[in-house]
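Please keep the sequence and the model in view while reading the numbered points.

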Amino acid sequence: MTRRQNILAIGLEIAVPVLLLALWWVLSANSKTFYFPPLKDILTTFKDTWLFKRVGSDVVPSLERMFAGFFIAVVLGVVGGLLLGLSRRARRAAAPIVEFLRAIPPPALLPFAILVVGVGASMKIFVIAFVCVWPILLNTIDGVIGVAPTLRETTHVYGISNRDRLLRVMLPAASPQIFAGLRTAVSLALILMVISEMVASTNGIGYFVLQSQRTFAIPEMWSGILLLGILGYVLNGIFVLLEKRLLRWHRGARASALS
Amino acid sequence: MRRLPDRLLPWASVLGVLVLFELLPRVGILDSANFPPISQTLSTLAGQVVGSDLWTAVGNTLAGWALGLGIAAALAVPAGILIGSSRLVYRSLRGVIEFLRPVPSVALIPLAILIYGSGLQSKVFLAAFAAFWALLVQVLYGVQDVDPVATDTARSFGFSRTQRLLRVTLPSALPYIATGLRIASAVSLILSVTAELVIGSSGLGRSINVARSGGDVKLMYALIIATGVLGLVLNTALVAAERRVLRWHPAYR
C-alpha cells in the first residue's frame, strides 16, 4: 500500500463510523416510530440512566456476578487444564464428560441452576462459571500438550522439580493458548450475565433492559442495549491490551527465533 | 490391581459418573428432590424418545437453528469476501465490525420481542444476528490469509477480478469458512435455546423451563440431556461434513 492509500485508509477508518452514527442521528431525528426513537432521545436517556444513577443498583451487581463467575472459571479451568494436560490417561477418561457438558447450550442449564441453587446471585455466578470453564480448560490442555518436546525433555534432564516445571515452564509456555481461552470465556460471561438476569433477577443490566421493554420504556431499553454494547467492546479491548502486554515476551521470543 | 486398558478409560469414567448420580441421591447425600437417581431420569428420557413431545420441541429448536445459521451464512460469506478482498473497504468498516462484533446479541432480545413478537421470527433474528458476526470474522481472516503469490499468479494469467474471487480467494478461504460455520452453528443453537427460554418461543428451551416450573424434575433433566445430545450431534455432523467436503484441501490431508 502506498503512503497516499494508507492516509486514505486511515481517513476512511475514522470517517465511516462517524458517518454511520451521523446517519443514524439524522434518519432517526424526526422518527415517530415508537420502537425506534431518535438517537438524541436515546443518548439523553443514557445520560440520565447510566451516568450514574443506576450504576450502583444495576451495573455494579451485574459486573460483580460476572467477574466472580469468570474468576472461578479461570481457577478451575487453568488448574484442571494443567492436570489433564499432563496425564494422557486422565485426558482420555475426562474426554466424554467434558465433551458432553460443553455441548449443552448454556441457557439450557439455567433452569437446572435455578432449581438447585435458587434465584439469587450465587445461581448467576454458578452458571457463568460453569459455562466459562470449558473454553479455558480446553485451551489450557491444548497449550500444555503443545509445549515443545525439547522443553519438556530439557526440564527432565536438568531434574527440575515438578512444581517448578508446572509453574515456571508449562504454565508460561501454555499462556498464549490460555489467553485465547480467556477471551472466549469473557464474552461468554457477559452473555450469560445478561441471560441469567433476564430469566430470574430483581436487578442488573439484563433485568433492566427486559423490564424496560415490558413496560414499553423504549428509550430506556435502547440505552441499556447501548450500554451492553459498550461493555462488550470495552471488555474485549481490555483483554486484547492485557494479552499484548502480558505476552510481549512471547512475541519477542518468537520474533527473535525467526530472525 | 491391573491397570485399565486405555481404550476402556472413557467408558469407565462415564460409568463412574452414572453410578455416582445413581447412588448419591439414593443414600441421601444429594437431595433426591433436586437430583433424582439417574436411572429414573434416563427412563423418563426413554419415554420422551418414543413419544412425540420431545421431537416437536427438537424440531422447533432445529428450525430456529437452521434458519438462523442459513441466513447468517447467506449474508456473512459474500459480505466477508467482498469486504476482505478490498483493503480500503476493509479498513473503512473495520471499526464498525470491531464495535458490533463483541456486542452480546442477547442484549437485542427486548428489541426482537418488540419487532417480531415471541414466535419463530424472534428466535431466527437473534440466532442469525449472533451467527453472522461469528462467521463474518472467520471469512475475513480466511480472505486475508490467501497466498499473495496465488493471487498475483492468477492476475498475471489474466484472470478477471470475479474469476480471481471464485477460483483463488474462495477455495483457499474455505477452511476458515468451515471453522466459522462450526462456531456459528453452536452460536445459532445457543441463541435459539436462549430465545425459547427468555421469550418463550416453542422448543427445547421453553420445555425445560416449563418442566422446571411445573416441578417435573426428571423431565427437566431428561430434556437438558436431550439438548446436550442435540448439540453434540450437530457439532459431530458438521465436523464430518467439513472433513468430507474439504478432503482435497492441503490442511485436511
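1. The largest nonpolar core holds 120 residues, and A:Ile128, A:Cys132, A:Ala189, B:Ala131 and B:Leu135 have the most contacts inside it. Such a core is a set of buried Ala, Val, Leu, Ile, Met, Phe, Trp, Tyr and Cys residues joined through C-beta atoms within 7 Å. Buried means that 20 or more other C-beta atoms lie within 10 Å of a residue's own, exposed that 12 or fewer do, and partly exposed covers what is in between, with C-beta atoms placed from the backbone. Helix α8 (residues 162-199) of chain A gives this core its largest share, 17 residues.

2. The model is a predicted one, in which local features need pLDDT of at least 70 and side-chain atom pairs count only at pLDDT 80 or more, while totals for chains, interfaces and linings use all residues. Residues are numbered from 1 along each chain as its sequence is written, and chains are lettered from A and ligands numbered from 1 in the order in which they are written.

3. Around A:Cys132, leaving aside residues up to four places away in sequence, the residues touched are A:Gly69, A:Phe70, A:Ala73, A:Ala185, A:Leu188 and A:Ala189. Contact here requires C-beta atoms, placed from the backbone, within 7 Å of each other.

4. Helix α3 (residues 55-86) of chain A crosses α8(A) at roughly 145 degrees, and their axes come within 8 Å. Axes are lines fitted to C-alpha atoms, for helices over the stretch in contact, and angles run from 0 to 180 degrees between N-to-C directions. The crossing is right-handed, that is, the near helix is turned clockwise from the far one by less than a right angle, anticlockwise being left-handed. The contact includes A:Gly69, A:Phe70 and A:Ala73 of α3(A), and A:Ala185 and A:Ala189 of α8(A). By class its residues are 16 nonpolar, 4 polar and 2 charged; Ala, Val, Leu, Ile, Met, Phe, Trp, Tyr, Cys and Pro count as nonpolar, Asp, Glu, Lys and Arg as charged, and the others, Gly among them, as polar.

5. Chain A has 11 helices and 0 strands. Helices (H or I, at least four residues) and strands (E, at least two) are DSSP runs, numbered from the N terminus. The radius of gyration of chain A is 23 Å, well over the 18 Å that the globule rule gives for 259 residues, so chain A is more spread out than a compact globule. That radius is taken over C-alpha atoms, and the rule is 2.2 Å times the number of residues to the power 0.38. Buried residues form 37% of chain A.

6. How many of the 9 residues of helix α7 (residues 149-157) of chain A are buried? The number is 0, so this helix lies largely in the open. After α7(A) comes A:Gly159, with a positive phi near 60 degrees.

7. Chain B has 10 helices and 0 strands. Its radius of gyration is 23 Å, whereas a compact globule of 253 residues would have one near 18 Å. In chain B, 41% of the residues count as buried.

8. Between the chains, 48 residues of chain B are in contact with 49 residues of chain A. On the chain B side, α1 (9-27), α4 (87-100), α5 (109-116), α8 (161-198), α9 (204-213) and α10 (217-245) each supply at least two residues. The largest share, 9 residues, comes from α4(B). This side of chain B has 32 nonpolar, 11 polar and 5 charged residues.

Terms used
Two residues are in contact if their C-beta atoms, placed from the backbone, lie within 7 Å.
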